[in-house]
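The following note sets out points for a colleague who wishes to review the model. Please read the numbered points beside the sequence and the structure.

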Amino acid sequence: MIFTLFPEKHMRIIVDHEKCTLCQLCVLACSFHHAKLFNMNRASIEVNAYGKERKIKIIINEQTEEEKLACDYCEGEREPLCIKYCIPKALNIKGS
Amino acid sequence: MNVFDGDVLRINLSNQQISTEPSRHYMKRFLGGRGVNQWILFNELPVNTDPLSPNNIITFGTGPLVGTLTPGACRLSIDSKNALTNGIGSSNCGGRFASELRFAGYNNIVVKGCSETPVYLLIDDDRVEIRDASHIWGLTTWETDAMIKKEINDNQIQMVYIGPAGEHLVRGACIVTDLEKAAGRCGLGAVMGSKKLKAIAVRGRGSISVKDPQAFFEIVDGLLEKLGRNEFLKRRGEYGIYCQVMWGENYRESSWRNFQGGYIPDPEQIAMINPDVFLKKFKQKSLSCFSCPIHCRALHEIKEGPYTGLISEGLENNDIQLFGAKLNVFEPSIILKLRSLCNQYGLDTDNAAGVIAWAYECYQRGILNEEITDGLRYEWGDFETYIKLLKTITYRKGFGDILAEGSKRASEIIGRGSGQYSIHIKGQELMEQLWVDKGWALGTVLSQRGGTHTRGAVLGSRFTTLSLEDSKKYYSMENIGKPNQYEGKVKLVTYFEKIQALADSLGLCTFATMIWAPAPDAINQTDMTRLLNVTAGLDFEEGDLLIMGERIHNLEKAFNCLHTDWTREDDYPPIRFMREPIKMEGPLKGEYLDVNKWDEMLDEYYELHGWDRETSRPTKEILEKLDLNDVAEVLKKSGKLGKKRSGNNFVNINR
C-alpha cells in the first residue's frame, strides 16, 4: 500500500503489511511528534490486527479527523519518526 | 499523566464497590507492577486465606515505563495468593493490555470479594462497569475474545480472560490475553474463576508524558541500537521464542517422561522438533508485544493433516520440553495443537503437562490402572489420550477432577507411593530440568512463587561466550564459569533476583534484559536507572534501584513466611535430581545435584540475603536495612522473623 502524502514534494510512505509485527513503536513515536507525549489516539498512524490470522491493517491519516492529526511528514524532524522507529522496515519512504 | 502518576483501581465484587486512589505513594517504595501488587497483597490479605475463597485478592499491575517508547515495556504482572502453593502467586504477560490500562489512567487493579454471578469488568477511561458475563461463562478464551469484542463493538479492546479451566477452579489454570499470551503459573486463572470474574476489558485514550523527552529519546535510540545487534535476539526474532536447539552436543538434558533419565534417547526424535522445522514448515510471520522491537512471537499455521488451518502464536521452549521431551510427542503439528488447546481452555501448559506426566509415570509403574483412569490406557506419546485428558482436567470430569488439583495434591489423594513421582517445587509442577546447570537449578528451586526459572535462575549455557571483561562489568563476576560449576552461581542468582524484580516492576520484558539476552547488548541496571530518572524526574542511583529490587524480593519472602510454614527443608530440589544422575553417554553423563554442594549453596544464599540459615526467614536487620520496618513488625508479631545464626544448619534430606 502506498500513501502519497506530499505529492508536491514527491514523497510517499510505502507500507508493507507483511513485514509489520504490530509493535506500535511507530504509533507511539508519531503521537510524540504531534503532542509531545504518548497517546495512541493522537497519532496519524494506526496499526491494528484482526482475527486469528492477525491480519494487519495500517492506516496513515492524510486528513485531520477529530483528535487524529493528519500526517505532516514529521515536519521539523530529520525523518518521519514512524519510519525511524519501524524496526522490521514495514514502513519505508520513497522520493525526496 | 507522567509515568509516576496514575491510580490504583479498586473493585469489590461482593458489594460492587468501585474506587480509586493515587498510586504514587506505593510506587516510591515498590516501583509498580509486581512490586506494588505484592505490597498490596502483603498489607491487605488476611493470613490463612484460602486462595480460592472470596477473601483472596488478585492484583493486575503495570510498570512506570509501560506506555512509553521504552523497548520491551509491555508487561502486566498479575499477583495473588498462589492456588497451588499457598505462597505468593505472581505471573506476567505481554501484549497490549498493560499499556492500554496505563492509557486509561490506571497502574494497578485490585480485585477483592466474589460476585454471585459471572461478571466481567469494562474499563473505558474513567468509566468502570461491572457487567454480566452469564452468556460468556463456559466459553473458551478464544470465544470469549470474539464475544466481548462483538458485544461492545470494539475490535481493538484489550482484555485478560480465563477459559473453562479457570471457571472450574483447576489449580493450574492461567489467565490469557490477546488469544495466546498467558500469565501462566501459580493458578491465577482459578483465582479469577473463584471470584466469578471472567474477563477484564480496557480501553484507554489518555496520555503519558516523560519528564525529559530529549534524554529519554537518546536512551531509547541507544537501546534499540544495541538490542538490534544482539545476535541472540536476532535469532529469537527470526525463529520465535523457541529458537535454539536445546539438545545440542553438550546440552541434551531433557525432562523425558517426567524426568526419567534426563535425555531424549532417539536422535531422530530430536531432529523432528528442531527449530528449523517450525521455521520452515509452519512459520507465517513474526509478531511483537507492545513497544517491543524483538518480535519474538512467531505465528505458526498448520497446513496439512488433521489440524489443518490451526493458527498458533508464541511457541515456547517450554512447549518443546513439555509436549516433546516430557510427554513424547514429536510431531510438530501435534505440539502446536496441544499448546493451542491449553491456551483455549485457559490451562497453563507447564502445570497441565506436569500433572499428566506424573499420572503417566504412575501408570507405567502400576500405581494407576484403567479402573482409576476412566478406562484410558496411558501410553507415552499417545496424543489422542493427552487431548482427552486436557479436556477432562479442564472440566474436572472423572479422574480429571483429581488431576485438576495438581500432582502434589493428586498424589496425596491417590497415595500408594505416587508422591515420589510428583516432580514439584513447593506444590507447583516443575517444567525445568535441574541436573546440569547449577545456577539454573538454584534459581528455579528458590523461586518464591514455587519453582520456575523466571525469578533468578541463571541459564548458564547462555553465558558461555561472555568475555571476562563483560562478565565483570555487567554481572560483577570475575568469571561466570561453566554451567555445571557450583562456584559463583549463588551470587549471580541473588543478583538476577533483583534485576528480575526490577524488570517485573518497571514493566519490562525480561527477554530484553541482560538476564536472557547476554550483555553488553541488552537492557542492564544502568539503563533501567537512567530510564526511570529521565521519565519520572527522579534522582535514583544504580544502587538505589538494586535495593528496590531486593526490597521487593524480601517483601515476597515475608509473604511466604506469613502465609506458609516453609522452611529451609522446602528449598531442596526434587529428590530425583539428586538420586538419579543423567544416564546419557557423553559429556553430561552422571550429572546430578550433590546434596552437600546444595547445602553449601543454600548457606551462602541465605547469608547473602541476610536470612536465617535454619528457617530461611529474613532477619529484622535485613528488613530494616531495606526500609521494610513495617514488614519486620508484622513478622515479629507472628513469630516468623528469622534469627542471626552461625555454623552450618544442614537439613537431613535423606528422606
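A residue is called buried when its relative accessible area is under 20%, exposed when it is over 50% and partly exposed in between, with a 1.4 Å probe and protein chains only.

1. Basis of the note. This is a predicted model, in which local features need pLDDT of at least 70 and side-chain atom pairs count only at pLDDT 80 or more, whereas totals for chains, interfaces and linings use all residues. Residues are numbered from 1 along each chain as its sequence is written, chains are lettered from A and ligands numbered from 1 in the order in which they are written, and side-chain values use heavy atoms, with hydrogens and water left out.

2. Chain A. Helices (H or I, at least four residues) and strands (E, at least two) are DSSP runs, numbered from the N terminus. Chain A holds 2 helices and 5 strands, in the order β-β-α-β-β-α-β from the N terminus. Of its 96 residues, 53% are buried. With contact meaning heavy atoms within 4.5 Å, residues 24 or more positions apart supply 51% of the chain A contacts that have a separation of 6 or more. The accessible surface of chain A is about 5,000 Å², and carbon and sulfur atoms contribute 49% of that surface; such areas come from the Shrake-Rupley method with a 1.4 Å probe, and for residues only the protein chains shown count as cover.

3. Aromatic pairs. Rings of Phe, Tyr and Trp (its six-membered ring) pair if their centres lie within 6.5 Å; planes under 30 degrees apart count as stacked, over 60 as edge-to-face and the rest as tilted. The whole structure contains 26 aromatic pairs over all chains. One of them is the edge-to-face pair of Phe259(B) and Phe577(B), with 5.3 Å centre to centre and 70° between the planes. This pair links distant parts of the chain, given that Phe259(B) belongs to helix H9 (residues 256–259) and Phe577(B) to helix H23 (residues 576–579) of chain B, 318 residues apart. Both Phe259(B) and Phe577(B) are buried.

4. A tyrosine pair. Tyr345(B) and Tyr395(B) are also edge-to-face, at 6.1 Å centre to centre and 85° between the planes. Here, too, distant parts of the chain are linked: Tyr345(B) is in helix H13 (residues 332–345) and Tyr395(B) in the loop between helix H15 (383–394) and helix H16 (400–403) of chain B, 50 residues apart. Tyr345(B) counts as buried because its relative accessible area is 10%, whereas Tyr395(B), at 25%, is partly exposed.

5. Ring cluster and charges over rings. Ring pairs join Phe32(A), Phe38(A), Tyr85(A), Phe216(B) and Phe217(B) into a cluster. A charge sits over a ring if NZ of Lys or CZ of Arg is within 6 Å of the ring centre and within 35 degrees of the ring normal. Arg29(B) is placed over the face of Trp39(B), 4.8 Å from the ring centre, and Arg235(B) over the face of Tyr239(B), 4.4 Å from the ring centre.

6. Helix H19 of chain B. Which residues of helix H19 (residues 468–475) of chain B are buried? They are Asp470(B), Ser471(B), Tyr474(B) and Tyr475(B). Viewed down the axis of H19(B), the buried residues fall within an arc of 105°, so they line one face of the helix; the arc is that of the directions from the helix axis to the C-beta atoms. Leu468(B), Glu469(B) and Lys473(B) are exposed on the other side of H19(B). The cover over the buried residues of H19(B) includes helix H20 (489–506) and helix H21 (525–536) of chain B. Ser476(B), which follows H19(B), has a positive phi near 55°.

7. Arg10(B). This residue is located in strand E1 (residues 7–12) of chain B. Arg10(B) counts as buried because its relative accessibility is 17%. Its side chain makes a polar contact of 2.7 Å with that of Glu21(B); a polar contact is a pair of N or O atoms within 3.5 Å, where within protein one must be able to donate a hydrogen and the other to accept it, and residues adjacent in sequence count only if both atoms are side-chain atoms. Beyond its neighbours within four places in sequence, Arg10(B) has contacts that include Tyr26(B), Glu44(B) and Lys112(B).

8. Backbone points to inspect. The peptide bond between Ala519(B) and Pro520(B) is cis, with omega about 10°, and Pro520(B) is in the loop between H20 and H21 of chain B. Leu31(B), not a glycine, has a positive phi of about 70°. Leu31(B) is in the loop between helix H1 (24–30) and helix H2 (33–44) of chain B, and with 0% relative accessibility Leu31(B) counts as buried.
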